[in-house]
Amino acid sequence: MGEVAGAFASAFGYGPEGVWAAPGRINLIGEHTDYNEGFVLPFALPRTLTAAAASRSDGRVRVRSGRSTQVFEAGPADLAPGAVRGWAAYPAGVLWVLREEGLPVGGLDLLVDSTIPTGAGLSSSAALTCATVMAAASLYGTVLDPSEVARLAQRVENDFVGVPCGILDQSASMLSTEGHALFMDTRTMAVEQVPFDPPAAGLSVLVVDTRAPHRLVEGHYAERRRSCERAARALGVPALRDVDDLPGALAALPDEVLRRRVRHVVAENARVLRAVELLRSGRPREVGPLLTASHVSLRDDYEVSVPEVDTAVDAALSAGAAGARITGGGFGGCVIVLTDRVEACARSIRLAYRERGFAPPSLFTALPSAGARRLYP
Ligand code: GLA
């Protein structure tokens, strides 16, 4: 049954009814496109969050992390948007959303453990929410397909936690498969598993957790999203996904900041489509320059980079990486490097960080891994 089930038993004094796992994600390319109804191309990390759970007949919820003895405990009446703080808001929000959706749900005991770094832009909160949706739905007899789990998990963030995120992170966690990147059209929700096997091409994906302190991430994110919606209204299209004449759109927008935001989103969607073509035809190395172009666009046009991130990207490229870019929402978080020179890139990044006086980054390589699943029984 594994460690997390043992931890559940010692925390709550009885065994769990089931254990679920949901991975964190890397977005290979397609950043800030999901809430513009565009394209994304993430893959799941081998690092997962594991959740052991059991139902309770009294409607109460108890939530605990395997790493601490603190327990969050609440009754059904306490579950309201804004009422729960800290990471327990995610599992608490799951019970609230299931109830709001008219699905059968009662109390829950939940113990989670995770190898996904938190606050690093690797979607540890999406993994937590997805695993809890799977657990709670299944314990109360609802069969949900993985994309429905992703939608409910997104609703937890939007309506309970108050983060206006898109569907990228939850879909990546739920729908990814080993050895593939997940090509998704976030308008139609159509997905394609695109083979992505870096080692077969002599490549690695090096992940650099820049450990840059997140700076007002949520406020900036919401502001970017509003700008895109404003630009779409000004252009008379349902979403920026629908802009197919970029020069015409740029000429029609009076505001320079909006022009930059639109240029990023439209070009980024095109880069995703090109990256998918390259992967389909077995040319992963050529995705490298697209990653770098995406970074430049996120740095200069979308303005979501920070000095630690740019330093890592530049150091990797100067060590001969095929491509590098910020991944995730931005303002800190992780950089991904596509390279056949992992050691040289890692050395170059560490050295550049020392020279700039930044706290040492944490580096690891990642293979496209399996999506969320039930581990037990
Ligand atoms: C965060 C959000 C996603 C997506 C990315 C940017 O990870 O949760 O929905 O918008 O930022 O691509």
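## Basis of the description

Local features in this predicted model need pLDDT of at least 70 and side-chain atom pairs count only at pLDDT 80 or more, whereas totals for chains, interfaces and linings use all residues. Residues are numbered from 1 along each chain as its sequence is written, and side-chain values use heavy atoms, with hydrogens and water left out.

## Packing of α3 and α5

Helices (DSSP runs of H or I, at least four residues) and strands (E, at least two) are numbered from the N terminus. The axes of α3 (residues 124–139) and α5 (residues 168–175) cross at roughly 55° and come within 9 Å; axes are lines fitted to C-alpha atoms over the stretch in contact, with angles from 0 to 180 degrees between N-to-C directions. The two helices are therefore oblique to each other, a class left after roughly parallel (under 35 degrees), roughly antiparallel (over 145) and roughly perpendicular (65 to 115).

In contact (heavy atoms within 4.5 Å), A126, A127, C130 and M134 of α3 meet D169, Q170, S173 and M174 of α5. Five of these contact residues are nonpolar, two polar and one charged, where Ala, Val, Leu, Ile, Met, Phe, Trp, Tyr, Cys and Pro count as nonpolar, Asp, Glu, Lys and Arg as charged, and the others, Gly among them, as polar.

## Ligand surroundings

Residues around the ligand (a heavy atom within 4 Å) include R25, E31, H32, D34 and D169. A polar side-chain atom of E31 lies 2.6 Å from a ligand oxygen atom, and one of R25 lies 3.1 Å from a ligand oxygen atom.

## Backbone features

The peptide bond from Y376 to P377 is cis, with omega near -5°. E37, in the loop between β1 (18–29) and β2 (39–56), has a positive phi of about 60° although it is not a glycine.

Definitions and conventions: A polar contact is a pair of N or O atoms within 3.5 Å; within protein, one must be able to donate a hydrogen and the other to accept it, and residues adjacent in sequence count only if both atoms are side-chain atoms.
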